[in-house]
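Okay, thanks for having me, everyone.

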Amino acid sequence: ALLRLLLEDAMRRGEVKPLPPERTAIAIYDMTRGVIAQRLLGWSKTPAESDIQFIVDLVWKGIATR
């Protein structure tokens, strides 16, 4: 719910594309959870910082207005 509220605020300010905030929040949550699960299961061999940067880049390049 907090992520949805943050997205709604960012959308109002024009920083994020006007997407369905609930679905966008769920997608970000699911991607993050997926990367964490891969690390816990030992499927990811990349450094944690690399996984974090990947998610940040993917999300912001996908939803940012700039």
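So, let's begin with Thr24: it counts as buried, because its relative accessibility is 10% and the cut-off for buried is under 20%. Keep in mind that this is a predicted model.

Where does Thr24 sit? It's in helix H2. And what does Thr24 touch, if we skip its neighbours within four places in sequence? The answer is Leu7, Leu19 and Ile63.

Okay, on to the helices. H1 covers residues 2-12 and H2 covers residues 21-40. Their axes are 9 Å apart, and the two helices pack at an angle of about 125°. H1 and H2 are therefore oblique to each other. As for handedness, the crossing of H1 past H2 is right-handed.

Which residues actually meet there? On the H1 side, you've got Leu3, Arg4, Leu7, Glu8 and Met11. On the H2 side, they're met by Pro21, Glu22, Thr24, Ala25 and Ile28. If you sort the residues of that contact by type, you get six nonpolar, three charged and one polar.

Now for the core. The largest nonpolar core has 10 residues in all: Leu7, Ala10, Met11, Val16, Ala25, Ile28, Val35, Ile55, Val59 and Ile63. H1, H2 and helix H3, which is 48-63, each put in at least two residues of this core.

Last one: Val35, which is part of that core. Not counting residues up to four places away in sequence, Val35 touches Asp51 and Ile55. Ile55 is on the core list too.

Technical notes: Residues numbered from 1 in each chain as written. Predicted model: local features only at pLDDT ≥ 70, side-chain atom pairs only at ≥ 80, totals over all residues. Heavy atoms only, no water. Axes fitted to C-alpha atoms, helices over the stretch in contact; angles between N-to-C directions. Helix = DSSP H or I, 4+ residues; strand = E, 2+ residues; numbered from the N terminus. Parallel < 35°, antiparallel > 145°, perpendicular 65-115°, else oblique. Left-handed = near helix turned anticlockwise from the far one by under 90°. Contact = heavy atoms within 4.5 Å. Nonpolar A, V, L, I, M, F, W, Y, C, P; charged D, E, K, R; others polar. Core = buried A, V, L, I, M, F, W, Y, C linked by side-chain atoms within 4.5 Å. Buried < 20%, exposed > 50% of the residue type's maximum accessible area, 1.4 Å probe, protein only.
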